[in-house]
Amino acid sequence: MGNRRQFIGSALGGAIAALLPNVGIANSVSSTYLDTIRPKRLKKGDTIGLIAPGYAIAPSVLEEAKKTLKSMGFKPFHTDRIIGNYGYLSNTDEERAKDLNEMFANPDIDGILCARGGYGCTRIMQMIDYETIKKNGKTFIGFSDITALLNGIYQETGLVTFHGPVGSTLNDPYSIRQLEKVVMYPRAPLAIQNVELLNPELRTNPEFERYTITEGIARGKLVGGSLTLINALIGTPHEIDFTDAIVCIEDVEEAPYRMDRMLTQLIEGKTFKKAAGILIGVCAGCNASTNPKSFSLKEVILDRIRPLGIPAVYGMSFGHVENNFTFPIGITGKMDAAKMNLQLLEKAVI
C-alpha cells in the first residue's frame, strides 16, 4: 500500500461508531435484494464535496484539484478535516467517517469526489451512515483505496458509485471527458473507449499491452476496482459477490508473485469463478521483479485467468495510470473480449 500512496501523492506533484450520530452499522445486506439507486446527474454549477477518507492530501495538490473542478464548471467545497494529519491518515477514523456522512447529509452538496486514496477506507466501513446515504444518494467518485467504499456503499444501499479519478489525478483531459460522459451527459448504451496510446514508450511497455485472455461476450453488473482492496474485503461483511458480474481489476506496483497470490485467492474464493466477465486495467509497475527467474505479469495473468474459461481481457484504460476512464459500480455492462470493448447498457445517473 506504500507504493499506492506514493503514486497518488505524486500524481500532481477507544470511541468508534457510538460517537457518530445516526450511524447505521453495516448489515451486509446483499445488493442483489436492494433496488438500484441512481444519483442525479452532475451539471455545471453544482457543488462537489472533497473528502480524504484515507491518506492526507498535500495542500498544493488539494488546491490543484479545486482548480480543476472549477475549470469543469463545479464549485468545490471541503471541511477542515481534509487538511489534517493523523499519522499516515488524513484524520482520525471518527473524523473521516463524519466527513463522508456529513457530505451525504448536506443538501447543498451535489456530488462527492475523494481527494486521494492511499489507505484507511476499510477502517471506517462500520462507521458509515448507510441509511442517510440511501436517502440522499449522490454521485460518489474515486479509486484505489476508495474501492472499499465504492463496493461497500453499493452493497449496503443499492446506490450506484463511480470508479474514476480522485482529486489528485483529475487533471487529465481523457479522464475528465470520460467522467463527464458517465456522470454529466448520460446515454444508453454508452461505449467506454480506451485511450489512444500515442507515447512510444507506452506502446512498447508490456504493462500497457492490450490483449484478449479468453474470447467471448459477457453481460453483467460492474463491480471491483483495486485488486488489493478487493482481496482486503474477503471475509468481511463487504466481501464482493462476483456471481454473474463483470469484474474490473487493477493494481499498482505489485510484483508478479503478489499478483499471482491475490488472483489465486480470488479464484479459490466462493464466487469469482461464477463471474460473467473479467476486465483488467493497466497494472502499472506490476511487471517488475528482483528475481531473474520470475514469471512476467502477462504469464501470471494468463496462467491464472485463462483456465477459468470466462471472457477476459487485459489493458483497459483504468487504474493507477494517467488516463483513467470512469465505470459505475452496479450498472449493467456488456463486454466483447475479442474486440476489447465495454458498453454501459444503462444510464448510471438520472
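In strand β2, P76 is the bridge partner of I48. The model is a predicted one, in which local features need pLDDT of at least 70 and side-chain atom pairs count only at pLDDT 80 or more, while totals for chains, interfaces and linings use all residues. Residues are numbered from 1 along each chain as its sequence is written, and side-chain values use heavy atoms, with hydrogens and water left out. Helices (H or I, at least four residues) and strands (E, at least two) are DSSP runs, numbered from the N terminus. Two strands are taken as paired if DSSP finds at least two bridges between them.

The bridge between I48 and P76 belongs to the pairing of strand β1 (residues 47-51) with β2, where three bridges join strands that run parallel. These strands are part of an open sheet of six strands with mixed pairing, in the order β2-β1-β3-β4-β5-β12. Its edges are β2 (75-77) and β12 (327-329), each of which pairs on one side only. From one strand to the next, the twist averages 30°. Helix α3 (residues 93-105) lies across β1, β2, β3 (111-114) and β4 (139-142), and runs at about 170° to β1. Axes are lines fitted to C-alpha atoms, for helices over the stretch in contact, and angles run from 0 to 180 degrees between N-to-C directions.

Relative accessible area was classed as buried (under 20%), exposed (over 50%) or partly exposed (in between), with a 1.4 Å probe and protein chains only. E95 is located in helix α3 and counts as partly exposed, at 23% relative accessibility. Its C-alpha atom is separated by 28 Å from that of L179, 84 residues apart along the chain. K66, in helix α2 (residues 59-71), counts as buried at 16% relative accessibility. Residues up to four places away in sequence not counted, K66 touches L50, P76 and H78, where contact means heavy atoms within 4.5 Å.

Strand β7 is joined by three bridges to β11 (residues 312-319), and the two run antiparallel. Within this pairing, T212 has V313 of β11 as its bridge partner.

Five bridges join β9 to β8 (residues 217-226), and the two strands run parallel; I246 is the bridge partner of L222. Strands β9 and β10 also run parallel and are joined by four bridges, with V247 opposite I278 in β10.

The structure holds eight aromatic pairs. Rings of Phe, Tyr and Trp (its six-membered ring) pair if their centres lie within 6.5 Å; planes under 30 degrees apart count as stacked, over 60 as edge-to-face and the rest as tilted. Y211 and Y314 are stacked, because their ring centres are 5.1 Å apart and their planes at 20°. Since Y211 lies in strand β7 and Y314 in strand β11, the pair ties together parts that are 103 residues apart in sequence. Y211 is buried at 8% relative accessible area, and Y314 is buried at 0%. F318 and F327 form an edge-to-face pair, with centres 5.3 Å apart and planes at 70°; both residues are buried. Y55, Y88 and Y119 form one aromatic cluster. K298 lies over the face of Y211, at 4.5 Å from the ring centre; the criterion is NZ of Lys or CZ of Arg within 6 Å of the ring centre and within 35 degrees of the ring normal.

For residues 48-164, UniProt lists "domain: LD-carboxypeptidase N-terminal" in an unreviewed entry. This span, residues 48-164, is 37% helix and 15% strand, and its end C-alpha atoms lie 15 Å apart. For residues 219-333, UniProt lists "domain: LD-carboxypeptidase C-terminal" (unreviewed entry). Over residues 219-333 the chain is 23% helix and 28% strand, with the end C-alpha atoms 6 Å apart. UniProt positions are given in the numbering used here, feature names are shortened, and annotations may be inferred rather than shown by experiment.
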